[in-house]
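Hi,

Here is the model I promised to pass on.

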Amino acid sequence: MKTVRQITILGSTGSIGESTLDVIARHPNRFRAFALTANQNVEKMLSQCQRFQPRYAVMLDRDSAEQLANAIQAARIDTEVLSGIESLEKVASLPEVDAVMAAIVGAAGIRPTFAAARTGKLVLLANKETLVMAGRIFMDLVKQNNATLLPIDSEHNAIYQSLPHHFNGNLSTNGISRILLTASGGPFRCTPLATLEKVTPEQACAHPNWDMGQKISVDSATMMNKGLEVIEAHWLFDAPPDKIQVVIHPQSVIHSMVAYVDGSVIAQLGNPDMRTPIAHAMGYPERIESGVPALDMFKVAHLDFEEPDFKRFPCLGLAYQALASGGNMPAVLNAANEIAVESFLKERMKFTAIPAMIEHVMQTVQQEDMTTLEDVLKTDTLARDVAREWLANLQ
Ligand code: NAD
Ligand code: MG
């Protein structure tokens, strides 16, 4: 008999968190939700605790934790409620934990994701921002502590599935010529350029194919999401930037491809539903059911491809630039982007101001090397301050 894998879900109330719980619910003999964590959503966390009875529930926010603890006591659920960033780190690193789904959005996810790697867990990485901010430091930590890293991001999961078995991290000795990273192009792929200035947060969050959290939805609309994913692919697969090609594929059926020197291109296809990469990584190396309907090729009928337009999507160029500069620049890019997206969502600035803010912050913060997580966190704070200052001067 198999032992049940104990899983901590960082960000269980989010889009990836809920899809993960859906997969867990389909396989009660394989997985148990050991700890669930969220920022402030007490109601959703309570219903998740009622259904999954985790050992721990962590709310980052202390007031939310207090409310949850009262509700859990009243409902007689046997779950211990904790709060604060240290508790997020704790439930990512306790010895009972086998795997950690890193699905907090943004830089807020970096500390608990580091804690999971530091304690040698199976890290299921959705939080791409960790790799963007601290790629080399994080990859070294994974190696040093014998942690296992499996990508949840659909493109990187597709690449992982399309690489040779036992890929040793070297593209050229494995006959790989390029990684083809697909992108839907988001909701504004065909919007007249002159009207982009006026698009609303609601329009930006209405992704044509994927149902996701707000931040990644805006990132998809600017294509910063693809930029962050280029950086993510660089670290995961040790791929130089000129070997990572972004391909716009509006149907989001091919989730990415690997091109080989003999002319073969291996792709992974599927319906755009994150439960596929989640189930792939959770069950790995076995294949398990995910609840995703079979792909109907006749319904798909067409697969289209086009080159990305760097003028329409300046964020994509900024991300390539940050990757080429190296050092602290990807962390600066990420921090500026988080403030830009938040400011756009709160209607404090226009959609087209997003790349302008990021470019300003990248030009203002001095380029430096980073060697520790503390360096990364300092860079993050500094870049956020510069971004907020730019916004204040704009208004
Ligand atoms: P989401 O906004 O739906 O959920 C975010 C989760 O993080 C929630 O549980 C929230 O409570 C928690 N959270 C937010 N701020 C926090 C903070 N400061 N401290 C602790 N917890 C906090 O986001 P999502 O769409 O599920 O995305 C999560 C991550 O997965 C992101 O890094 C995103 O880029 C990545 N990702 C998402 C998708 C997708 O389809 N949604 C696909 C690929 C990658
Ligand atoms: Mg993706």
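One term before the tour: I call a pair of N or O atoms within 3.5 Å a polar contact; within protein, one must be able to donate a hydrogen and the other to accept it, and residues adjacent in sequence count only if both atoms are side-chain atoms.

Now the housekeeping. This is a predicted model, so local features need pLDDT of at least 70 and side-chain atom pairs count only at pLDDT 80 or more, while totals for chains, interfaces and linings use all residues. Residues are numbered from 1 along each chain as its sequence is written, chains are lettered from A and ligands numbered from 1 in the order in which they are written, and side-chain values use heavy atoms, with hydrogens and water left out.

Back to serine 343: it is found in helix H14 (helices are DSSP runs of H or I with at least four residues, strands are runs of E with at least two, and both are numbered from the N terminus). At 4% relative accessibility it counts as buried; that word means under 20% relative accessible area, with exposed over 50% and partly exposed in between (1.4 Å probe, protein chains only). Not counting residues up to four places away in sequence, serine 343 touches Arg348, Met349, Met357 and Leu391, where contact means heavy atoms within 4.5 Å.

Leu391 brings us to helix H16, where it is one of the buried residues. H16 covers residues 373-394, and its 22 residues reach 32 Å from first C-alpha to last, close to the 32 Å expected at 1.5 Å a residue (the expected span is 1.5 Å times one less than the number of residues). Among its other buried residues are Leu373, Asp380, Arg384 and Trp390. Seen down the axis, the buried residues of H16 fall within an arc of 165°, so they line one face of the helix; the arc is that of the directions from the helix axis to the C-beta atoms. They pack against helices H5 (110-118), H6 (128-144), H14 (329-345) and H15 (353-364). On the other side of H16, Lys378, Glu389 and Asn393 are exposed.

Next, the metal. Which residues coordinate the magnesium ion (ligand 2)? They are Asp153 (OD), Glu155 (OE) and Glu229 (OE), at 2.1 to 2.2 Å. Donors here are N, O and S atoms within 2.8 Å of the metal (3.2 Å for Na, K and Ca), and water is not among the atoms, so sites may look incomplete. Along the chain the donors follow the spacing D-x1-E-x73-E. Aspartate 153 lies in the loop between strand S7 (148-151) and helix H7 (154-162), and glutamate 229 in helix H10 (224-237), so the pair ties together parts that are 76 residues apart in sequence. Both aspartate 153 and glutamate 229 are buried.

H7 deserves a look of its own. Seven of its nine residues are buried, so H7 is largely enclosed by the rest of the structure. Glu155 is among those seven, as are His156 and Asn157. The buried residues of H7 pack against S7, H10 and H11, and also against strands S8 (176-183), S10 (254-260) and S11 (265-269).

On to ligand 1. Of the 23 residues around it, Thr13, Ser15, Asn39, Glu129 and Gly213 come nearest (a residue is near if one of its heavy atoms lies within 4 Å). Oxygen atoms of ligand 1 lie 2.9 Å from a backbone N or O atom of serine 15 and 2.7 Å from a side-chain N or O atom of glutamate 129. Ser15 is also in contact with methionine 212, which is found in the loop between helices H8 (201-205) and H9 (214-222).

Most residues other than glycine have a negative phi, and most peptide bonds are trans. The bond from tyrosine 284 to proline 285 is cis, with omega near 5°. Asparagine 146 has a positive phi near 55°; it sits in the loop between H6 and S7 and is exposed at 66% relative accessibility. Glutamate 347 has a positive phi of about 60°, lies in the loop between H14 and H15, and is exposed at 64%.

Cheers
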